Amino acid sequence: MLRSLRGLVCHPLQLHHAFALQTVAKVCSSSAVTQEAQTLVERPRAVFCTSENDPANHTAQHEGRHYSIPLEEVKVVFPHGLPHRFQQQIKTFNEACLMVRKPALELFTYLKNSNFTHPAVRYIIYGERGTGKTMTLCHVVHYCTRQGWLVLHIPDAHLWVKNCRELMQSSYNKDRLDQPLQASTWLKNFKTSNERFLREIKTQKKYVWGKRESTEEGRPLGEVVEQGLARVRSASDAVGVVLKELKDQCRLGSFRLLVAVDGVNALWGRTTLKKEDKSPVSPEELTLVYNLRKMVRNDWNGGAVVTTLSQTGSLFKPSSAYLPQELLGKDGFDALDPFVPVPVPNYSPLEFESCYGYYLERKWLQHEKARTEDGKEELRFLSGSNPQQLERLAAPL
């Protein structure tokens with residue numbers, strides 16, 4: 001159905017000649033087109049962009065506007081945390097622009113007014129497919145990074161419960177399974193985002209990795225990360241040590257900790273992984289999942305847990321499911337209760353206008369009809385103001 005609708009945009013019906021509008025890239029040669037019909041749907045950049053690029057200063061007056069993140073900062077803050085299509089957009093436009101939306105502003109308000117001596121509050125970002133849940137989480141990650149928080153970011157928890165190329169028995173606990181490749185990848189990116197903290201935070205106990213390798217008490221936490229990167233077999237255990245040390249030490253108040261998990265519903269339910277005897281692997285048998293479940297509990301203080309629910313990688317769930325009780329199931333819902341739900345809807349009229357104006361300004365919309373009022377309304381109708389659908393409809397235009 002979507003393919004057929006997209007075709008309507010790619011090959012729109014012929015409009016009455018009086019309503020045909022001129023594009024910027026291709027000047028119409030017909031002298032019969034009136035001056036009024038040649039007026040383009042143009043908007044000043046200030047309408048859909050803001051010069052305020054610090055998320056801490058974003059307020060309701062910035063809602064619906066795009067702010068820019070320097071590309072060098074993107075590499076540090078999001079070494080593995082941006083959706084693929086948004087990465088492609090960054091390459092195309094040579095800039096990283098996020099829209100300031102109400103759900104993110106709501107979360108900023110919560111975080112600014114939190115009492116961090118109390119147990120960590122869990123926030124669950126949810127909504128229908130393609131509404132912008134992951135981008136809302138990325139906005140929060142950027143906010144906390146700018147505020148000097150240590151950010152523990154899991155960009156797609158579903159990758160830990162499906163299609164793992166290598167599973168091996170844990171040397172620490174024979175009942176659990178390690179995922180060395182996933183663990184080492186996460187450690188590498190965690191190091192990129194938090195190098196300063198890894199130098200400053202010291203281990204609170206000695207950790208033995210083998211007969212000849214150990215990390216002494218009082219050593220920089222970065223040495224644990226390096227151990228996991230140098231010895232891939234130790235990577236899953238190194239992740240567990242890092243999470244344990246962060247959870248224990250953030251209570252002391254020396255740093256604020258954000259636990260940001262995209263697709264937290266992956267931590268409960270079923271996996272696609274199989275053991276050697278072909279029996280299914282349950283999530284709690286995976287060392288990474290076992291340790292991450294501890295981080296999303298509220299038995300610690302000094303930070304916050306911000307998560308999203310994802311349909312994209314959700315296994316064995318109806319494609320229409322999006323509510324917390326549907327995607328988390330009873331076990332997941334009970335484990336995260338109590339939590340603060342943060343719904344992410346489709347674009348409001350203001351947000352749609354802003355996104356449409358941004359695409360026009362960046363010359364992402366080249367088709368002459370797409371730049372008319374009628375074309376804009378057709379895009380609004382076909383996309384249902386859904387951010388993901390609008391982006392996909394606009395791509396071939």
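Start by selecting residues 349-361, which is helix α13 (helices are DSSP runs of H or I with at least four residues, strands are E runs of at least two, and both are numbered from the N terminus). From first C-alpha to last, its 13 residues reach 18 Å, close to the 18 Å expected at 1.5 Å a residue; the expected span is 1.5 Å times one less than the number of residues. This is a predicted model, where local features need pLDDT of at least 70 and side-chain atom pairs count only at pLDDT 80 or more, while totals for chains, interfaces and linings use all residues. Numbering runs from 1 along each chain as its sequence is written, and side-chain values use heavy atoms, with hydrogens and water left out.

Now show the side chains on α13. The buried ones include Phe-352, Cys-355, Tyr-356, Tyr-358, Tyr-359 and Leu-360 (buried is under 20% relative accessible area, exposed over 50%, partly exposed in between, with a 1.4 Å probe and protein chains only).

Next stop: the second largest pocket. Select Tyr-172, Asp-237, Gly-240, Val-241 and Lys-244, which lie nearest its centre among 21 lining residues. (On a 1 Å grid over the protein atoms alone, a pocket is an open set of points where a 1.4 Å probe fits, with protein on both sides within 12 Å along at least five of seven lines; lining residues have an atom within 4 Å of a point.) Colour β7 (207-208), α10 (235-249) and α11 (287-295), the elements that give two or more residues to this lining. The largest share, seven residues, comes from α10. By type, the lining divides into eight nonpolar, six polar and seven charged residues (Ala, Val, Leu, Ile, Met, Phe, Trp, Tyr, Cys and Pro count as nonpolar, Asp, Glu, Lys and Arg as charged, the others, Gly among them, as polar).

Then jump to Leu-111, in helix α5 (residues 102-112). Is Leu-111 buried or exposed? Buried, with a relative accessible area of 3%. Leaving aside neighbours within four places in sequence, its contacts (heavy atoms within 4.5 Å) are Phe-116, Tyr-123, Val-140, Tyr-143, Cys-144, Trp-149 and Ala-304.

Finally, zoom out. The chain has 15 helices and eleven strands, and 50% of its 397 residues count as buried.
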